[in-house]
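Let's take a walk through a protein model together. Have a look at the sequence and the picture first, then read on.

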Amino acid sequence: MKFLARNLINDIERLTDVSVYGRVAAVQGMLIEAGGVQRQISVGDRCHVVARDGRRVPCEAVGFRNGRALLMPFVDVNGVGLGCRTEVQDSEPVVYPERSWLGRTINAFAQPVDGLGPLGLGDTAYPIRNRPPPAASRQRVAGKVDLGVRAVNSFLTMCRGQRMGIFAGSGVGKSSILSMMAKNTSCDVSIIGLVGERGREAREFIEDDLGEEGMKRSVVICSTSDESPLMRRQAAYLTLSVAEYFRDLGLDVLCMMDSVTRFAMAQREISLSAGEPPASKGYTPTVFAELPRLLERAGPGVGQGSITGLFTVLVDGDDHNEPISDAVRGILDGHIVLDRAIADRGRYPAVNILRSVSRTMPGCNNAQENDLIRRARRLLATYEDMAELIRLGAYRRGTDPAVDEAIHYYPMIEQFLTQGKKDATSLHDCYAALAQILKMPFDGDGMGRQE
């Protein structure tokens, strides 16, 4: 009852004295043309179209044509016809997050979808499409983040405020590695945006992958693939707005989004509907303008809090140079590549160490840690260069001492990188375990001996 009363008071305080409205002049596909409001509305503003059955259809202005406003609805347009009333919303789209949101699942409108009752509302409004902090005022990226995943903790160490991309094709384990990080992170709060997720998999991710332990300190924003492109795009914006709230409380936030590609696809649908010409692979110029505006919102704040970002990229046809992958890779501070070939041979998480990079390394490590990682990478690279010959039996031991050494250590490093979903290894233990493997002497004849 307290939450209901507080929400009602907040809604009353936001009511305006003047109502501006127009009429629907045309409907084409998912696009509504409205007349009479074009001088009172601008791109990005919100309005409601009153359908003939009395249903209020929320819309966003996406452009103008022939003196009319082009509106795209957040829901279906059933019941919307010529002459339907169009009411302009006289306020910027905002959200009022609160600490009590932890453990909850909400939609792109910040409405609960978990059946646990209404959400409390905070006192501070956060714009849905907020601007990132000024670059000169931000804190430096510093301090390691423990994610519990051995491949990432050791070879791709992340720092607080870093933004990392997870690049993979479908079915290679993006959701699994995200859930491992959400449960095992050293960050205070996890904000998880499921953008364009399959409806069946959303609940499985929350209950099976994330689990009760992970949900206790998480907020999940979910927009399924059957929802409108505006809903999918807003889910991505809302994810960052909620993360910004907890960052401003001085907390270290782990913000995870699955996936940036579906955000880009949603923006492409919106732009093409508004008449914008396509550019690369059908993606419009607006898509490539919106990507940095979204991703730059993650990172260090101007105070003590930070947003460490993990953004998955669904690689089209396993082509890591397709337009969205290429654009996102240039914006973020590193990338984790999940390789289908590694997954096919049964090693999970299927992180391709040699194709992945963290741009905060080696700056965040000490000299001993950097030497350890460089040696392990060199052994992996040497083995992979000769992998075909080794598998075919064409390489004869003793031909090259460096290759012999790589053959000896490679199975142990592969075993180190293999990790179950319920396993967790701390940063310190990751380096200690890898150091123990590489301390095993190699005598040059293809045989190692335990110290």
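**A walk through the model**

Let's begin with the database: an unreviewed UniProt entry lists residues 160–343 as "domain: AAA+ ATPase". UniProt positions are given here in the numbering of this text, feature names are shortened, and annotations may be inferred rather than shown by experiment. In the model, the end C-alpha atoms of residues 160–343 lie 29 Å apart, and the span is 47% helix and 24% strand. Helices (H or I, at least four residues) and strands (E, at least two) are DSSP runs, numbered from the N terminus.

Before going further, keep in mind that this is a predicted model, where local features need pLDDT of at least 70 and side-chain atom pairs count only at pLDDT 80 or more, while totals for chains, interfaces and linings use all residues. Residues are numbered from 1 along each chain as its sequence is written, and side-chain values use heavy atoms, with hydrogens and water left out.

Now step back to the whole protein. It splits into domain 1 (17–88), domain 2 (94–358) and domain 3 (367–438), with bounds that come from an automatic or database domain assignment. How far apart are the C-alpha centres of domain 1 and domain 2? They lie 31 Å apart. The contact between these two (heavy atoms within 4.5 Å) takes 12 residues from domain 1 and 13 residues from domain 2.

About 950 Å² is buried between domain 1 and domain 2, and carbon and sulfur atoms give 67% of that. Buried area is the accessible area (1.4 Å probe) that two parts lose on being put together, summed over both.

Side chains of opposite charge can pair when their charged atoms come close. A salt bridge is a side-chain nitrogen of Lys or Arg within 4 Å of a carboxyl oxygen of Asp or Glu. Two of them cross the interface of domain 1 and domain 2. Glu-60 forms a salt bridge with Arg-129, with the closest N and O atoms 3.9 Å apart.

On the side of domain 1 that touches domain 2, β4 (56–65) and β5 (68–73) are the elements that give two or more residues. β4 gives the most, with four residues.

Stay with these strands for a moment. In the loop between β4 and β5 you'll find Asn-66, which has a positive phi of about 55° although it is not a glycine. Strand β5 also holds Arg-68, which pairs with Glu-33 in strand β2 (residues 31–35), 35 residues apart. The structure holds 27 salt bridges.

Finally, look for two prolines. Most residues other than glycine have a negative phi, and most peptide bonds are trans. A cis peptide bond, however, joins Tyr-348 and Pro-349, with omega about -10°. Pro-349 sits in the loop between α9 (340–344) and β19 (357–358). Another cis peptide bond joins Met-361 and Pro-362, with omega about 5°, and Pro-362 is in the loop between β19 and α10 (367–385).
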